[in-house]
Amino acid sequence: MAVNSTKKKPVGAMIVMGLISIALYATLLLKQDLVNSTFAKGGLYALLPIVTAFVFSYIHGSFTGNFWTVMGIEAAKKKKEVK
């Protein structure tokens, strides 16, 4: 009897992260004057671009990882070399 070892594809997570990513990019582009003026204030506001970059990276990276999994493309698994 064959065992079905297929994993469930993260379609829902991909869609949610894609929508959040689109919303982040749209907000950034539509409110760029506010973003530029806020980020340019100096002091602790100088940390905002760094935090923003991490948030964008995490959300977009999660979407991209789920996208490739849904498409069926996975990273190659390294084979252990036997000596």
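Student: Which helix holds F39?

Tutor: F39 lies in helix α2. Keep in mind that this is a predicted model.

Student: Is F39 buried, partly exposed or exposed?

Tutor: Buried means under 20% relative accessible area, exposed means over 50%, and partly exposed is in between. F39 has 26% relative accessibility, so F39 counts as partly exposed.

Student: Which residues does F39 touch, beyond its neighbours within four places in sequence?

Tutor: Contact means heavy atoms within 4.5 Å. F39 is in contact with Y45, L48, P49 and T52, once neighbours within four places in sequence are left aside. Look at P49 in that list. F39 and P49 are ten residues apart along the chain, and their C-alpha atoms are separated by 6.6 Å.

Student: How far apart in space are G42 and G65?

Tutor: They are 34 Å apart, C-alpha to C-alpha. In sequence, G42 and G65 are 23 residues apart. G42 sits in the loop between α2 (32–39) and α3. With 27% relative accessibility, G42 counts as partly exposed.

Student: What lies over the face of Y45?

Tutor: K41 does, at 5.0 Å from the ring centre.

Student: Now the ring pairs. How many aromatic pairs are there?

Tutor: Rings of Phe, Tyr and Trp pair if their centres lie within 6.5 Å. The count here is three aromatic pairs. Among them is the pair of Y25 and F56, with 4.9 Å from centre to centre and 80° between the planes. Planes over 60 degrees apart count as edge-to-face, so Y25 and F56 form an edge-to-face pair.

Student: Which parts of the chain does that pair link?

Tutor: It links distant parts: Y25 is in helix α1, F56 is in helix α3, and they are 31 residues apart. Y25 is partly exposed because its relative accessible area is 36%. F56 has 14%, so F56 is buried.

Student: How are the rings of F67 and W68 arranged?

Tutor: Edge-to-face, with 5.0 Å between centres and 70° between planes. F67 is partly exposed at 29% relative accessibility. W68 is partly exposed at 39%. Ring pairs also bring in F63, making a cluster of F63, F67 and W68.

Student: Where is N66, and what does N66 touch?

Tutor: N66 lies in helix α3. Its relative accessible area is 17%, so N66 is buried. Not counting residues up to four places away in sequence, N66 touches P10, A13 and M14.

Student: Is S21 buried or exposed?

Tutor: S21 has 7% relative accessibility, so S21 counts as buried. S21 is found in helix α1 (residues 11–30). Leave aside neighbours within four places in sequence, and S21 is in contact with I59 and H60.

Student: Last topic, the surface. Which residues make the nonpolar surface patch?

Tutor: L44, L47, I50, V51, F54 and V55 make that patch. The patch covers about 620 Å². Patch residues need over 30% relative accessible area. Take I50 as the worked case. I50 is in helix α3 (residues 48–71). I50 has 45% relative accessibility, so I50 counts as partly exposed.

Key
Residues are numbered from 1 along each chain as its sequence is written. This is a predicted model: local features need pLDDT of at least 70, side-chain atom pairs count only at pLDDT 80 or more; totals for chains, interfaces and linings use all residues. Side-chain values use heavy atoms; hydrogens and water are left out. Patches are made of residues with over 30% relative accessible area and no salt bridge: like charges are joined within 9 Å, nonpolar side chains (Val, Leu, Ile, Met, Phe, Trp, Tyr) within 5 Å. Accessible areas come from the Shrake-Rupley method with a 1.4 Å probe; for residues, only the protein chains shown count as cover. A salt bridge is a side-chain nitrogen of Lys or Arg within 4 Å of a carboxyl oxygen of Asp or Glu. Helices (H or I, at least four residues) and strands (E, at least two) are DSSP runs, numbered from the N terminus. Buried means under 20% relative accessible area, exposed over 50%, partly exposed in between (1.4 Å probe, protein chains only). Rings of Phe, Tyr and Trp (its six-membered ring) pair if their centres lie within 6.5 Å; planes under 30 degrees apart count as stacked, over 60 as edge-to-face and the rest as tilted. A charge sits over a ring if NZ of Lys or CZ of Arg is within 6 Å of the ring centre and within 35 degrees of the ring normal.
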